[in-house]
2 protein chains.
Amino acid sequence: LSQYDEELLKLKSLPAVTLDGKEIKLMANLDISEEMSFIIHNCADGIGLVRTEQLFEEYEVFPDEDQQFEVYNKIAESIYPKVVIIRAFDIGGDKVLPVDLHEPNPMLGWRGIRLLLDSPNLFKTQIRAVLRASLHKNVWFMLPMINSLSEVVAANQLIDECKKELTEEGIKYDDEIPVGIMIEVPSAAVLTSDFADVVDFISIGTNDLIQYLLAVDRGNEIVSSQYQEFHPAVIRTIKHIIDEAGKKSVPIGMCGEMAADPFALPLLVGLGLESLSISAAGIPLHKKILRSLNYSELKRLADECLNLKNEDEINNKLHKFFNEKISDQIKNLY
Amino acid sequence: LSQYDEELLKLKSLPAVTLDGKEIKLMANLDISEEMSFIIHNCADGIGLVRTEQLFEEYEVFPDEDQQFEVYNKIAESIYPKVVIIRAFDIGGDKVLPVDLHEPNPMLGWRGIRLLLDSPNLFKTQIRAVLRASLHKNVWFMLPMINSLSEVVAANQLIDECKKELTEEGIKYDDEIPVGIMIEVPSAAVLTSDFADVVDFISIGTNDLIQYLLAVDRGNEIVSSQYQEFHPAVIRTIKHIIDEAGKKSVPIGMCGEMAADPFALPLLVGLGLESLSISAAGIPLHKKILRSLNYSELKRLADECLNLKNEDEINNKLHKFFNEKISDQIKNLY
Ligand SMILES: [Mg+2]
Ligand SMILES: [Mg+2]
């Protein structure tokens, strides 16, 4: 075995815990087409994000309830007894739409929960499939692009309808399936405390949150340099979300690309995040980094970053920290 | 004279002050093509927003420094000794662009200060024209779409360059011309306190702020019903901006459409706004409303709205307040 493989093998069976005992959940994002076995091989703590909209790319026509059930159920069974978080279709924006629509600003348009609530048949088909896959109580259901409490109320109403239907049909499901939201629209970040009262969990979606906070389309080359993970408004907003969810003891995670960035990891954990969902391939490196650090120094690092006023300063501080405290520890993994 | 005209005539010479003595500045937004005389007739407190990008619609080619100077100087002289706030070109987004550009999401693209800093010649031409018009010390200069402190630093650098050039050319200007920013991107709202340290004034641009906070393109019919002035995240963000600017004693105003909405007026004043810029035609009605109310009850109204959790509740409360306390007072003005 190479030194690299030996390292990985060792890490597999070890928890993601800092030197001073702070444990972090490392979950995997699942692309539908991916091999589950790879995730199960690398991922200790469940699946933090299933991007169900990818089903639209797999199937020629819109997948029906049974087709969806088969996919969700297979995932839930494979990862059991660990948890899988299934996200409702996040279509629209830059993602595939079931209809041909030309919006002037699709990122600010008909997408996520907006589209789902406007399409109750489509949404209910998915909800029924998710409920049927929840029988073993390891499925959580997550709503994308949430803006208002009324959207959660409306979604819960549809979930209740589906439960009633299934009960009448004699089909079993987890009656207490946790329902949570993505916080990825700035309004939801502002209202975190109110959402924490009515949802079972929260996941921060950094890709969209950063786009909207900074009003920058990261797919647009002319301005994409202004899409800044370490913009002070981003850091402070993430801190606000974590603190407000924490006050209400609502589980909070993160599933955007920022969660997968090794340079961001010390900051995110220092800010108080206890659960990250990233690509399965990145889990060993994240684990190795966390196991070489003290949570106390991460908290200090985060506090210092919260006081900085521009992105360059924060970026420099994080890279300096990485070079001084981490790069030596992980050189075997490159 | 009709009763309507008599009312208007009376209001012209009276201040916009509540029954219990709170005075509010009511300024006018100026569309370049508009009649200055109408504004001067209706507007007691200066011009709160000149949309200079409208010059692109007036001129066939890009207006040069002298052409711009003539326009700005005429406005400054007409409104003297009151203040005029000239906003730097806010091109891009849904507004005219000097180049043919196809962005997937123009609202999240190359616009406002981003475009200006990428086009220093264009920007400096405008800055020189504004400086030349500032001689009588009643011109303020405002930067649109600000996201980061570094953008303010870069803009100030160009302003300093222009000042130096003008001094060398023996041309006079206001060396202490106030430079302020629009807060209309959520990141800037988050960082209000930091911006308050480095700018001379702040104006809240509600149209864009609401769009980005809620991730809703208000020009898109499919989702425009979700563009909500009274969304709780909007109200709380406005409150945050006012409070943080207030702590640093930085003058703060508002110049979006929300400022012109009579239903929003009691709330905005109750939240602590002391300056509103609206269309000149709306000023008498706003004045009439303010003169019939007590600031103490507006503060109570705002506090109640800050505690509500959805847009419908806030909307209902404001309409109830309007019907009970205001509609009788203003029926002569309809
Ligand atoms: Mg997203
Ligand atoms: Mg604007």
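In the predicted model, 39 residues of chain B are in contact with 39 residues of chain A, contact being defined as heavy atoms within 4.5 Å. Residues are numbered from 1 along each chain as its sequence is written, chains are lettered from A and ligands numbered from 1 in the order of writing, and side-chain values rest on heavy atoms, with hydrogens and water left out. Because the model is predicted, local features need pLDDT of at least 70 and side-chain atom pairs count only at pLDDT 80 or more, whereas totals for chains, interfaces and linings use all residues.

Between them, chain B and chain A bury about 3,400 Å², of which 57% is on carbon and sulfur atoms; buried area here is the accessible area (1.4 Å probe) that two parts lose on being put together, summed over both. Within chain B, the residues that lose the most area to chain A are B:N105, B:L108 and B:A215, which together account for 18% of what that side buries.

Polar interactions across the interface comprise 24 residue pairs in polar contact, both residues being at pLDDT 80 or more; such a contact is a pair of N or O atoms within 3.5 Å, where within protein one atom must be able to donate a hydrogen and the other to accept it, and residues adjacent in sequence count only if both atoms are side-chain atoms. The side of chain B that touches chain A receives two or more residues from each of α7 (149-168), α8 (186-190), α10 (206-214) and α11 (232-247) of chain B, the helices being DSSP runs (H or I, at least four residues) and the strands likewise (E, at least two), numbered from the N terminus. The residues of this side divide into 21 nonpolar, 11 polar and 7 charged, with Ala, Val, Leu, Ile, Met, Phe, Trp, Tyr, Cys and Pro counted as nonpolar, Asp, Glu, Lys and Arg as charged, and the others, Gly among them, as polar. There are 4 salt bridges between the two chains, each requiring a side-chain nitrogen of Lys or Arg within 4 Å of a carboxyl oxygen of Asp or Glu; B:D194 forms a salt bridge with A:K309, with the closest N and O atoms 2.7 Å apart.

The magnesium ion (ligand 2) is coordinated at 2.1 Å by B:E184 (OE) and B:D208 (OD), donors being N, O and S atoms within 2.8 Å of the metal (3.2 Å for Na, K and Ca), and sites may look incomplete because water is not among the atoms. B:E184 lies in the loop between β5 (179-183) and α8 of chain B, and B:D208 in helix α10 of chain B, so the pair ties together parts 24 residues apart in sequence. B:E184 is buried at 2% relative accessibility, and B:D208 is buried at 9% (buried, under 20% relative accessible area; exposed, over 50%; partly exposed, in between; 1.4 Å probe, protein chains only).
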